[in-house]
Amino acid sequence: MSASQPADDNHRCYSDGDYFSFSTHQRRGMALRTLTAAELEQLQAAETLLQQAEKIKDSRSTLAGLFTFGRRRLFLKRHNARNFYHRLRRKFQTPRPLRNLAVTLRLNAIGIPAPQILLAMRTFRHSLPEQDYLITEALPSPLTAAEQFELLWDRDAAAIDALAALAARIHAAGVFHGDLKLPNVICRMTGDQLCFGLFDFDGSQLYGKALAAPERRLDLARLAASWRVLARQTGAEPEAVSVADCFAEAYRRHASLSLAGPELNARVTYLSERVRKH
């Protein structure tokens, strides 16, 4: 069996590109083609890996952790099926891990970094969906734009311009992130240039054409609101309208589309004040 060949109990539906599909009575999903049969078998035991992992999130909807796999550090998330009715509803929905994979591949195609996905899988019990699992590479800290906000704050005009350019690029490619905030933006310095990527695509949607203005505005408002929230933590008190205008103007330069106005202002105000109250 070659290094990239899946385990014998996984039936390929196709193997074009970097991923192949597998399907049995108990599990279905997509896996990175370069995984060996032994590695695939280990990763498919996702629940065991998760129970042994270093937990970083435990909520009603998800359980996530970090674990070591060979020489790599990996991230594993389980989307919880809370009850029978939740499992029944999932039967008619695309698994979130597969949505994550689809968005990641779309972003890769336009040159925007996102964590590499090794496995996107749904398990089944009594013919109904049980749990959804996503396994990706774990990127080293500091990872996010939120963690490095002081770096962005020192370069505020350039940072806002680069963030708006990121939003304009994904929107032109038909990607609605759904939770486009600085804690979900990967931030790296290359020389003196800020470079951004994205992760956490649980709320994302893909479209066959560039996004319409309402979806663009929702993403941009969340991005601007997260900037305002983090700016306040530095001791600054930027007005919501001022932050919204800065992001809207930068976005207009890159997308040739103006999202400025009362709708954006109101959304930025609402999101940033809601976070402050909590």
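Just after helix 7, Gly235 takes a positive phi of about 105 degrees. Helices (H or I, at least four residues) and strands (E, at least two) are DSSP runs, numbered from the N terminus. The model is predicted: local features need pLDDT of at least 70, side-chain atom pairs count only at pLDDT 80 or more, and totals for chains, interfaces and linings use all residues. Residues are numbered from 1 along each chain as its sequence is written, and side-chain values use heavy atoms, with hydrogens and water left out.

**Helix 7**

- Helix 7 covers residues 213-233, and its 21 residues should span 30 Å at 1.5 Å a residue; the expected span is 1.5 Å times one less than the number of residues.
- The end C-alpha atoms of helix 7 are 30 Å apart, which agrees with that span.
- Ala224 belongs to helix 7 and is buried, with a relative accessible area of 1%.
- From Ala224 to Ser272 the distance is 8.7 Å, C-alpha to C-alpha, although the two are 48 residues apart in sequence.

**The largest pocket**

- The largest pocket has a volume of about 570 Å³.
- Its lining holds 23 residues, and the closest to the pocket centre are Ile56, Phe75, Leu143, Phe199 and Asp200.
- Two or more lining residues come from each of strand 3 (54-58), strand 4 (62-69), strand 5 (72-79), helix 4 and strand 7 (128-137).
- On a 1 Å grid over the protein atoms alone, a pocket is an open set of points where a 1.4 Å probe fits, with protein on both sides within 12 Å along at least five of seven lines; lining residues have an atom within 4 Å of a point.
- Grid points are joined across faces, edges and corners, and the volume is the space filled by probe spheres set on the points.

**Salt bridges**

- Side chains of opposite charge can pair when their charged atoms come close.
- The whole structure has 16 salt bridges, each a side-chain nitrogen of Lys or Arg within 4 Å of a carboxyl oxygen of Asp or Glu.
- One of them joins the side chains of Asp200 and Lys77 (4.0 Å, N to O).
- Asp200 is in the loop between strand 10 (193-198) and strand 11 (205-206) and Lys77 is in strand 5, so this pair ties together parts that are 123 residues apart in sequence.
- Asp200 is partly exposed at 27% relative accessible area, whereas Lys77 is buried at 8%.
- Another salt bridge joins Arg90 and Asp132 (3.9 Å, N to O).
- That pair links distant parts of the chain, with Arg90 in helix 3 and Asp132 in strand 7, 42 residues apart; both residues are buried.
- Arg125 and Glu130 also meet through their side chains in a salt bridge (2.9 Å, N to O).
- Arg125 is partly exposed at 37% relative accessibility, and Glu130 is partly exposed at 24%.

**Surface patch**

- Phe84, Tyr85, Leu88 and Phe92 form a nonpolar patch on the surface, with about 500 Å² of accessible area together.
- Nonpolar patches join side chains (Val, Leu, Ile, Met, Phe, Trp, Tyr) within 5 Å, from residues with over 30% relative accessible area and no salt bridge.
- Accessible areas come from the Shrake-Rupley method with a 1.4 Å probe; for residues, only the protein chains shown count as cover.
- Phe92 lies in the loop between helix 3 (84-90) and helix 4 (96-109), and at 68% relative accessibility it counts as exposed.

Technical notes: Patch = residues over 30% accessible without salt bridge, like charges linked within 9 Å, V, L, I, M, F, W, Y side chains within 5 Å. Buried < 20%, exposed > 50% of the residue type's maximum accessible area, 1.4 Å probe, protein only.
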